[in-house]
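Please look over the sequence and the model before reading on.

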Amino acid sequence: MSTTHRAPHDAAPHTPLPKAELHLHIEGTLEPELAFALAERNGIDLPYATPEELRSAYAFSDLQSFLDLYYRLTAVLQTEQDFADLAEAYLERAAAQGVRHAEIFFDPQAHTARGVDIGTVIRGLTSALDTSRERHGVSTGLILSFLRDLSAEDALRTLADAAPYLDRISAVGLDSAEVGHPPAKFTEVYAEAKRLGLRLVAHAGEEGPPSYITEALDLLGVERIDHGIRCLEDEALVARLVAEQIPLTVCPFSNVRLRCVDRLEEHPLPAMLAAGLLVTVNSDDPSYFGGYVEDNYRGLRTALGLTDDQLRLLARNSFKASFLDEDRRAELLAELDAHGPTG
Ligand code: HPA
Ligand SMILES: [Zn+2]
C-alpha cells in the first residue's frame, strides 16, 4: 500500500492528458545513467565520475552553454543499438507522460562529424520507432534537423546522404546556435527538401529576433515554428501568426533553463494563448531541462495557474499542429474528448 500522502481533491490517480510531442530532440533525452552505460559499452571516458556529477553540470547560462555539453555527450552514441536504446528509453517515458504521437528531431551532423554514418543513426532510431505504436501506443515521425551554425553546403550534403532513408523522414528542421545564423542562410536547402516531398519546420525566435520567424515563414516556407516566443516583440507578426494559425512549439522548461525566460512564473505562454496563437507545449531536451512533456504541463498549472480547459486546449493544439494523417488525428482528438478531469 502506498504511504504517499494525498490531499483529498487529489485522491484519484493522475492520468496525463493524451497529447502529441512535436519539439523533442532525441539526443536531448540522453539521461546521465544511459550516457554512463553507453560510455562503458563503447570504451569511452566521460569527464565525470558519476551520473550525479554529470547531472550537477546541467547549469546553463544560455543556448550555447547547453549545446556545448549536449554535443560533447553525443560521443557515447556509436552503434545502431545505442540509437535504438536511446529512442526506446524516450518512448517508454513519453508513453507514461500521455504522449500518443511524437515527432522527433535528430541531428545527423552531430554524429556524421564524429565519423558515425547517417545510416547507423537512422536505422538505430527507426528500429525502436517501428514498433512503438504496438508496444507503447505512440505513433512517431522523424524530423531531420540541420545544424544552423554549419554551412548550407554541409546541410545539402546531409540531405543527399539521407536519400536512401527519405521514406522514414517526415520533415526537416533547423536547430543549434540561432543568433548570427538566420533562416535566409538555408533558403536553397529548404527548397531542395520541399522538392523531395518533406514537410518543413525551423527553430526561430528562441534567442533570435522576431525577424528570424518572418524569414523562416517567407524564405524557407515552414509550416510550424519551433519556440517562437520572441514573436511577442512584434505585434504585426503576432497578428499574422494568429491569422494564419501557424503552430508554435513552445518549450517552457527549456526557456527557463536556457535563460530565455527568468522564471516559469514569468513565462509568456498565457499571453500567447490570450493572443490567440496556436501554441503547443513540448519538452525540447528533457534530460537536460528538468522534465518531460507532462512535467511541463504540470509546471504550467502550478507556476502559472493554467486551468484544466487551457491544458486541454494545449493538448488539442498538439494534435492539430502535428503532421498526423486525418484518421489518426481524429482518433486521438476523440480520445482527448473522452478523457476525464486532469486531476
Ligand atoms: O532548444 C534548442 N535550440 C536550438 N538547438 C537545439 N538543439 C537541441 N535543443 C535545441
Ligand atoms: Zn529545440
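At roughly what angle do the axes of helix α4 and helix α6 cross? In this predicted model, the axes of α4 (residues 80-96) and α6 (residues 118-129) cross at roughly 40 degrees and come within 7 Å. The crossing of α4 past α6 is right-handed. From α4, the residues E80, Q81, D82, F83, A84, A87, E88 and L91 take part, and they meet T120, V121, R123, G124, L125, S127, A128 and L129 of α6. This contact has 8 nonpolar, 4 polar and 4 charged residues.

Another helix pair is formed by α16 (residues 308-320) and α17 (residues 326-338), whose axes are 10 Å apart at an angle of about 170 degrees. Angles over 145 degrees count as roughly antiparallel, and α16 and α17 are therefore roughly antiparallel to each other. R312, A315, R316 and F319 of α16 make the contact with R329, L332, L333 and L336 of α17. By class, 5 of these residues are nonpolar, no residue is polar and 3 are charged.

| Helix pair | Axis angle | Axis distance |
|---|---|---|
| α4 and α6 | roughly 40 degrees | within 7 Å |
| α16 and α17 | about 170 degrees | 10 Å |

The strands come next. Eight of them form an open sheet in the order β1-β2-β3-β4-β5-β6-β7-β8, with parallel pairing. β1 (19-25) and β8 (278-281) each have a single partner strand, so one side of each lacks a neighbour in the sheet. On average, neighbouring strands of this sheet are turned by 25 degrees against each other, direction ignored. Within the sheet, β4 (residues 171-175) pairs with β5 (residues 199-204) in the parallel sense over 2 bridges. A171 has R199 in β5 as its bridge partner.

Key
Residues are numbered from 1 along each chain as its sequence is written. Chains are lettered from A and ligands numbered from 1 in the order in which they are written. This is a predicted model: local features need pLDDT of at least 70, side-chain atom pairs count only at pLDDT 80 or more; totals for chains, interfaces and linings use all residues. Axes are lines fitted to C-alpha atoms, for helices over the stretch in contact, and angles run from 0 to 180 degrees between N-to-C directions. Helices (H or I, at least four residues) and strands (E, at least two) are DSSP runs, numbered from the N terminus. A crossing is left-handed if the near helix is turned anticlockwise from the far one by less than a right angle, and right-handed if clockwise. Two residues are in contact if their C-beta atoms, placed from the backbone, lie within 7 Å. Ala, Val, Leu, Ile, Met, Phe, Trp, Tyr, Cys and Pro count as nonpolar, Asp, Glu, Lys and Arg as charged, and the others, Gly among them, as polar. Two strands pair if DSSP finds at least two bridges between them. Angles under 35 degrees count as roughly parallel, over 145 as roughly antiparallel, 65 to 115 as roughly perpendicular and the rest as oblique.
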